[in-house]
Amino acid sequence: IIGKTIPFAVIGMIDLGIVTTVGILWFGVPFNGNPLLLILGALFYLLPALGMGLLISTLSKTQQEAFMLSFLVIMPVILLSGFMFPISSMPKVFQEVTLLNPVRHFLEIIRGIFLKGAGLTVLWPQFVWLLGMGLALIGISASRFQKTAG
């Protein structure tokens, strides 16, 4: 499991650096917060993101199944993240469902750190949600993971 996740975690952190740098230098997005807190938030977000990927890989028998399942998961995750549509304008049922969406919590962390300069005292609930979801998804994935002779 570690061998499957570490390379993607490294790529994710490199992407964070590139996107943050381009956002600040090229697009002029203000950065008002603590960069170490942003890195910590990204690491916490990687837990459920990688856990979800591992779970999909343990549920799928073929690569085609994995692609289809990924597509079926990714679309609602993006739509219910608050990235395209404000969560406050969604029906109450969907507002509650978004609490189970790791992207929602990571977006709140990013917006809080970048634009508001918020610290851990404000953002701790999002960190707790991400940690809880990450541990749950990785735990479920690890329990489903089976070694194959190679």
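Biologist: In which helix is Q126 found?

Modeller: Q126 lies in helix α6; helices here are DSSP runs of H or I with at least four residues, numbered from the N terminus. Please remember that this is a predicted model, where local features need pLDDT of at least 70, side-chain atom pairs count only at pLDDT 80 or more, and totals for chains, interfaces and linings use all residues. Residues are numbered from 1 along each chain as its sequence is written, and side-chain values use heavy atoms, leaving out hydrogens and water.

Biologist: Why does Q126 count as buried?

Modeller: Buried means under 20% relative accessible area, exposed over 50%, and partly exposed in between, with a 1.4 Å probe and protein chains only. Q126 has 12% relative accessibility, so Q126 counts as buried.

Biologist: And which residues does Q126 touch, not counting residues up to four places away in sequence?

Modeller: Q126 touches H105, E108 and I109, where contact means heavy atoms within 4.5 Å.

Biologist: What makes α2 and α6 roughly parallel?

Modeller: The axes of α2 (residues 35-59) and α6 (residues 120-144) cross at roughly 25° and come within 8 Å. Axes are lines fitted to C-alpha atoms, for helices over the stretch in contact, and angles run from 0 to 180 degrees between N-to-C directions. Angles under 35 degrees count as roughly parallel, over 145 as roughly antiparallel, 65 to 115 as roughly perpendicular and the rest as oblique. Therefore α2 and α6 are roughly parallel to each other.

Notes. Helix = DSSP H or I, 4+ residues; strand = E, 2+ residues; numbered from the N terminus.
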